[in-house]
Amino acid sequence: MSQPLILLADDDPGILAAYRRQMRRQFRLITAGSGREAIDVMLAELPDAVVSDLHMPEMNGIALLTEVRRLAPKALRILLTGQPDLPHTIEAINAGEVFKLLVKPCPVDVIAATIDDGLSRYQSAELKTGLADIVTSADLALTAHASGRAQQRAIPPIVIEWLMRFGKQSWSRGAAVYEFDKDSRRRIRRHIGQRLFASVEHWLDAYTVVGTGQRVVTVGWRQQRRRR
């Protein structure tokens, strides 16, 4: 997987330069000298995380992270402030759903560790939610034989749906056989995103046979070792 893309917003060029020097090997970085510039940057590419200073002219960090929540709701949001106080803390958490508020001066390695921790938590929660939706989302016409085979081999219904939607089709004895090839996998990755794809890729050795009326006749693994 490629490095996470981190947007860093601060009106101090020296701070942005320090971020770039110390975090460039760990993350892909884009920087902005103001909240408005950060929004413009996001319109070109959505980041995985946004780290913003609180006190910036025109658009402060709370306003920026509130807009980030609208434009990129899955992005991790971290706020930095040199003057911590309870009202700002409450406003930041409520308005921007901030993952963490850090007090300046904050070592760059602490910021980097906070980003790592936040992305790990977000990814874990996203995978749990996404996988639960994936396993239960398909509505298919299966014969009793196919349904039994799917349960025995732990093939989720959505995988059968993906086979019919994205899979490579061939014909055998008048029935359509669907399998995943490289193009199929590429289309699924685009459909669900890289993070979820990495967790479901082991399912993509499945095949299905579809008869008349798009009724699934049987399913299985192409290799016996894939049985679960």
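Q: Which residue is the bridge partner of I6 in β3?

A: The general idea is that strands of a sheet pair through backbone hydrogen bonds, either parallel or antiparallel. In this structure, which is a predicted model, the bridge partner of I6 in β3 is A49. The strands β1 and β3 run parallel and are joined by four bridges. On β4, A49 stands opposite L76, and β3 pairs with β4 in the parallel sense over five bridges.

Q: Is A49 buried or exposed?

A: A49 counts as buried because its relative accessibility is 1%, where the cut-off for that word is under 20%. Leaving aside residues up to four places away in sequence, A49 touches L5, I6, L7, L76, I115 and L119. A distance between C-alpha atoms can be read alongside such a contact list: A49 and V68 are 19 residues apart in sequence and 9.5 Å apart in space.

Q: Which residues point one way from β3, and which the other way?

A: A49, V51 and D53 point one way, while V50 and S52 point the other way, and all are buried. Five of the five residues of β3 are buried, so the strand is largely enclosed by the rest of the structure.

Q: What is the order of the strands in the open sheet?

A: The open sheet has five strands in the order β2-β1-β3-β4-β5, with parallel pairing. Its edge strands are β2 and β5 (residues 100-103), each of which pairs on one side only. Neighbouring strands of this sheet are turned by 20° against each other on average, with direction ignored.

Q: Which strands does helix α1 lie across, and which does α3 touch?

A: Helix α1 (residues 13-23) lies across β1, β2 and β4 (residues 76-81), and runs at about 180° to β2. Helix α3 packs on the sheet by touching β1, β3 and β4, and its direction makes about 180° with that of β4.

Q: Which residues of helix α2 are buried, and why are they on the same side?

A: In helix α2 (residues 35-44), the buried residues are G35, A38, I39 and M42. They cover an arc of only 100° around the axis, which puts them on the same side of α2. The face turned away from that buried side carries the exposed residues D40, L43 and A44. The cover over the buried residues of α2 includes β1 (residues 5-9), β2 (residues 28-32) and α3 (residues 61-71).

Q: Which residues touch the most other members of the largest nonpolar core?

A: In soluble globular proteins, nonpolar side chains tend to be buried together. Here the largest nonpolar core has 22 residues, of which I155, V159, W162, F180 and I188 touch the most other members. The elements that give two or more residues to this core are α6 (144-152), α7 (157-166), β7 (175-179), α9 (194-200), β8 and β9. The largest share, six residues, comes from α7. Not counting residues up to four places away in sequence, I155 touches A150, I160, A206, V219, G220 and W221. A second, separate core of 19 residues includes Y19, V51, F99 and V108.

Q: How many bridges join β8 to β9, and how many residues of β9 are buried?

A: Five bridges join β8 (residues 206-210) to β9, and the two strands run antiparallel. Within this pair, V209 stands opposite T218 in β9. The two strands form a hairpin with five residues between them, and G213 in the turn has a positive phi of about 70°. Strand β9 (residues 216-221) is mostly covered, since five of its six residues are buried.

Q: How many helices and strands are there in the chain, and what percentage of its residues count as buried?

A: The chain has nine helices and nine strands, and 42% of its 228 residues count as buried. Among contacts between residues at least 6 apart in sequence, 57% join residues at least 24 apart. The chain exposes about 12,200 Å², of which carbon and sulfur atoms supply 50%.

Conventions
Residues are numbered from 1 along each chain as its sequence is written. This is a predicted model: local features need pLDDT of at least 70, side-chain atom pairs count only at pLDDT 80 or more; totals for chains, interfaces and linings use all residues. Side-chain values use heavy atoms; hydrogens and water are left out. Buried means under 20% relative accessible area, exposed over 50%, partly exposed in between (1.4 Å probe, protein chains only). Contact means heavy atoms within 4.5 Å. Accessible areas come from the Shrake-Rupley method with a 1.4 Å probe; for residues, only the protein chains shown count as cover. The arc is that of the directions from the helix axis to the C-beta atoms. Two strands pair if DSSP finds at least two bridges between them. A nonpolar core is a set of buried Ala, Val, Leu, Ile, Met, Phe, Trp, Tyr and Cys residues joined through side-chain atoms within 4.5 Å. Axes are lines fitted to C-alpha atoms, for helices over the stretch in contact, and angles run from 0 to 180 degrees between N-to-C directions.
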